[in-house]
Amino acid sequence: MPPNATEGHGTPVIGLTGGIGAGKTTVSRRLAELGAHVIDADSVGHQVLAPDGEAYEDIVRRFGKEVLDGDGAIDRQSLGTLVFAEPRRLKALNRIMQPHMASRMAAEIAAVRARPEPPPAIVVDAAILFEAGWDQLCDRVWTVSASTQFAMSRLAARDGMSQDQARARIDAQWSNAAREGGADRVIRNDGTLEALLAEIDRMWGEEVGAPPAE
Ligand code: ATP
C-alpha cells in the first residue's frame, strides 16, 4: 500500500499570500531560514510551462507559436504581454496552468511529508493562493498586509516603480481586506524590517513550538 502522506497529523501546510510589495518574499525567506520547506508557486509555474512540463502543449495549442522563443521554449514575457492585454486570455491561461500547478504542489507536499524526517512545516508561497483555490492544499493561511503607502514606497525603492505604476499593480490585485477575510493570521508589515522578522519568529514558534507537556 502506498504511504498515505496525509494520514494522522502530517506536517502542517501554511499557505502564505499577500499583496504586491507587502513583504511576502521577505516572510517566505525567513520561514525557510527557520526550517520550513517552501514551495514557491512562481517556480512551480515555470516548471509546468517548461518544454517537458504538463501545460506546454496546451499553451502552444491555445496561444500559438508566437509565444515560443528561438529554442522552442515558452517565452514567459511574450505570454504575459499576450494574456494581460485580454482578460479572457488570462482566464484561459489560468484554466490550463492552475490545475497542473495544484497537482505538482500536492505531490511535493506528499513527498515532503513522507520523508523519514519531515521539516516542522511546509509553506506554499503564492500571491494568488485564494484566486487559484490553492488554499485548499493548506491547513491554514497567513497573509501579509501592508498599507498602500508602505507597499508603494517599497516598490519604488526595490523596482524603481513610479507611484502610478505601483498603484495600478496594487489596484489590479485582490484587496488586503479580501485576503484577510480568508486568512487565519494577518501579518501587518507597516513597521521596520526587524519588527517584521521578530513577528515571524514569534508566529513560527507558536506554529511549530514543542507540544504542551502531558
Ligand atoms: P512582490 O509581490 O512584488 O514580489 P513581496 O510582497 O514579495 O513583493 P518583498 O520583496 O518581500 O515583497 O518586499 C518588497 C521590498 O521591501 C523588498 O526590497 C524588502 O526588502 C522590503 N521590505 C519588506 N518589508 C520591509 C519593512 N518592514 N521595512 C523596510 N523594507 C521592507
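**Confidence**

The protein chain has an average pLDDT of 92, and 93% of its residues score at least 70. Residues 1–8 are a stretch where pLDDT stays under 50, and the model has four contacts for them beyond four places in sequence. Where pLDDT is low, the predicted coordinates should not be read in detail.

**The sheet**

Five strands form an open sheet in the order β2-β3-β1-β4-β5, with parallel pairing. The edges are held by β2 (37–40) and β5 (185–188), each with a single partner strand, so one side of each has no neighbour in the sheet. On average, neighbouring strands of this sheet are turned by 25 degrees against each other, direction ignored. Strands of a sheet pair through backbone hydrogen bonds, either parallel or antiparallel.

| Strand pair | Sense | Bridges |
|---|---|---|
| β2 and β3 | parallel | four bridges |
| β1 and β3 | parallel | four bridges |
| β1 (13–18) and β4 (140–145) | parallel | five bridges |

Individual residues show how the strands line up. Ile-39 has Val-124 of β3 opposite it. Val-13 has Ile-122 as its bridge partner in β3. Ile-14 stands opposite Arg-140 in β4.

Which residues of β3 are buried on its two faces? Ile-122 and Val-124 are buried on one side, and Val-123 and Asp-125 are buried on the other, so that both faces of β3 are covered. In a regular strand the side chains alternate between the two faces of the sheet. Strand β4 is largely enclosed by the rest of the structure, because five of its six residues are buried.

**Helices against the sheet**

Helix α1 (residues 24–34) lies across β1, β2, β3, β4 and β5, and runs at about 155 degrees to β1. Helix α2 lies across β2 and β3, at about 55 degrees to β2.

Ser-28 is a residue of helix α1. Is Ser-28 buried or exposed? Its relative accessibility is 7%, so Ser-28 counts as buried, the limit being under 20%. Apart from neighbours within four places in sequence, Ser-28 is in contact with Leu-16, Val-38 and Asp-125. Ser-28 and Asp-125 are 97 residues apart along the chain, yet their C-alpha atoms are separated by 6.8 Å.

Which residues of helix α4 (residues 76–84) are buried? They are Leu-79, Gly-80 and Val-83. These residues cover an arc of only 100 degrees around the axis, so they lie on the same side of α4. An α-helix has 3.6 residues a turn, so residues three or four places apart point the same way. Gln-77 and Thr-81, on the other side of α4, are exposed. The cover over the buried residues of α4 includes α2 (41–49), α3 (56–63) and α5.

The axes of α4 and α5 come within 6 Å and cross at roughly 125 degrees. That angle makes α4 oblique to α5. The contact is made by Leu-79, Leu-82, Val-83 and Phe-84 of α4, together with Pro-87, Arg-89, Leu-90 and Leu-93 of α5.

**A loop residue**

The loop between α5 (87–113) and β3 (122–125) contains Pro-119. With a relative accessible area of 14%, Pro-119 is buried. Which residues does Pro-119 touch, not counting those up to four places away in sequence? They are Thr-11, Gly-35, His-37 and Val-112. Between Pro-119 and Thr-11 there are 108 residues' distance along the chain, while their C-alpha atoms are separated by 7.2 Å.

How values were computed:
Residues numbered from 1 in each chain as written. Predicted model: local features only at pLDDT ≥ 70, side-chain atom pairs only at ≥ 80, totals over all residues. Heavy atoms only, no water. pLDDT = per-residue confidence, 0-100. Contact = heavy atoms within 4.5 Å. Buried < 20%, exposed > 50% of the residue type's maximum accessible area, 1.4 Å probe, protein only. Arc of directions from axis to C-beta. Pairing = 2+ DSSP bridges. Axes fitted to C-alpha atoms, helices over the stretch in contact; angles between N-to-C directions. Parallel < 35°, antiparallel > 145°, perpendicular 65-115°, else oblique.
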